[in-house]
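The entries below are in the order in which I made them.

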Amino acid sequence: VAALIYDDESHETITRRPPLQPLMERMEGIAALVDQVFVVPSPDQAPFLTFAISKRNIEESTCFFIEKENAPDFRGRDWVESVMPLHRIKCEDNDDGSDGGYPDDDNDDGDHNDDSETSRDENPNMPT
């Protein structure tokens, strides 16, 4: 089991709020539940997804992707859904009553994708 976790700056860019815990505390908390923790140093996780998941696991269908059900769409979703099942799970609110940091902005359509694309030259594992 591998987990991708955003660094503090990326987390704040995505959620428009600082993380409730610093990166090291978040890493330690999730590390107790998974085999590997990958820190994503960018709001764009797409280029990092393909390196966090082995080709063998994809070929053997031994991987799946889990995200919180109210998580905004992310770059890389098309690739994830093309190689593995994607499961959305309901999570309890945090102790402070927040929903985990996703914005409640009425003008937010939930689509945090941008129009730029990662090329195969930048990441040869990225599908065409």
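The notes go from the whole chain to single residues.

**Entry 1: ground rules.** I am working with a predicted model, in which local features need pLDDT of at least 70, side-chain atom pairs count only at pLDDT 80 or more, and totals for chains, interfaces and linings use all residues. Residues are numbered from 1 along each chain as its sequence is written, and side-chain values use heavy atoms, with hydrogens and water left out.

**Entry 2: whole chain.** I looked up the secondary structure and found 5 helices and 4 strands in the protein chain. Helices (H or I, at least four residues) and strands (E, at least two) are DSSP runs, numbered from the N terminus. Read from the N terminus, the order is β-α-α-β-α-α-β-α-β. The chain has 128 residues, and 34% of them count as buried. I use buried for under 20% relative accessible area, exposed for over 50%, and partly exposed for in between (1.4 Å probe, protein chains only). The chain exposes about 8,500 Å², 47% of it supplied by carbon and sulfur atoms; the areas come from the Shrake-Rupley method with a 1.4 Å probe, and for residues only the protein chains shown count as cover. For contacts (heavy atoms within 4.5 Å), I took those between residues at least 6 apart in sequence, and 58% of these join residues at least 24 apart.

**Entry 3: strand pairing.** In which sense do β3 and β4 pair? Strand β3 (residues 65-68) and strand β4 (residues 86-89) are parallel, with 4 bridges; two strands pair if DSSP finds at least two bridges between them. With helix α5 (residues 77-83), β3 and β4 make a right-handed β-α-β unit. Right-handed here is a crossover whose path from the first strand over the helix to the second runs clockwise, with the strands pointing away from the viewer.

**Entry 4: nonpolar core.** Which residues make up the largest nonpolar core? I list 10 residues: Leu-49, Ala-52, Ile-53, Cys-63, Phe-65, Phe-74, Trp-79, Val-80, Met-84 and Leu-86. α3 (46-52) and α5 are the elements that give two or more residues to this core. A nonpolar core is a set of buried Ala, Val, Leu, Ile, Met, Phe, Trp, Tyr and Cys residues joined through side-chain atoms within 4.5 Å. In soluble globular proteins, nonpolar side chains tend to be buried together.

Leu-49 is in helix α3, and its relative accessibility is 0%, so it counts as buried. Leaving aside neighbours within four places in sequence, Leu-49 is in contact with Leu-4, Phe-65, Phe-74, Arg-75, Gly-76, Trp-79 and Val-80. Gly-76 is 27 residues from Leu-49 along the chain, with 7.3 Å between the C-alpha atoms. Phe-65, not counting residues up to four places away in sequence, touches Gln-45, Leu-49, Phe-74, Val-80, Met-84, Pro-85, Leu-86 and His-87.

**Entry 5: Phe-38.** I found Phe-38 in strand β2 (residues 36-40). Phe-38 is partly exposed because its relative accessibility is 29%. Beyond four places in sequence, Phe-38 is in contact with Ala-2, Ala-3, Leu-4, Ile-5 and Ala-52.

**Entry 6: Arg-26.** Is Arg-26 buried or exposed? Arg-26 has a relative accessible area of 12%, so it is buried. It sits in helix α2 (residues 23-31), and its side chain reaches the backbone oxygen of Gln-21 at 3.0 Å. Among the residues that Arg-26 touches, not counting those up to four places away in sequence, are Asp-7, Asp-8 and His-11.

**Entry 7: positive phi.** Most residues other than glycine have a negative phi, and most peptide bonds are trans. I noted Arg-16, whose phi is positive at about 65°. Arg-16 lies in the loop between α1 (8-15) and α2 and is partly exposed, at 43% relative accessible area. Ser-61 also has a positive phi, near 55°. Ser-61 belongs to the loop between α4 (55-59) and β3 and is exposed, with a relative accessible area of 62%.

Note on methods:
Polar contact = N/O pair within 3.5 Å; in protein donor to acceptor, adjacent residues only side chain to side chain.
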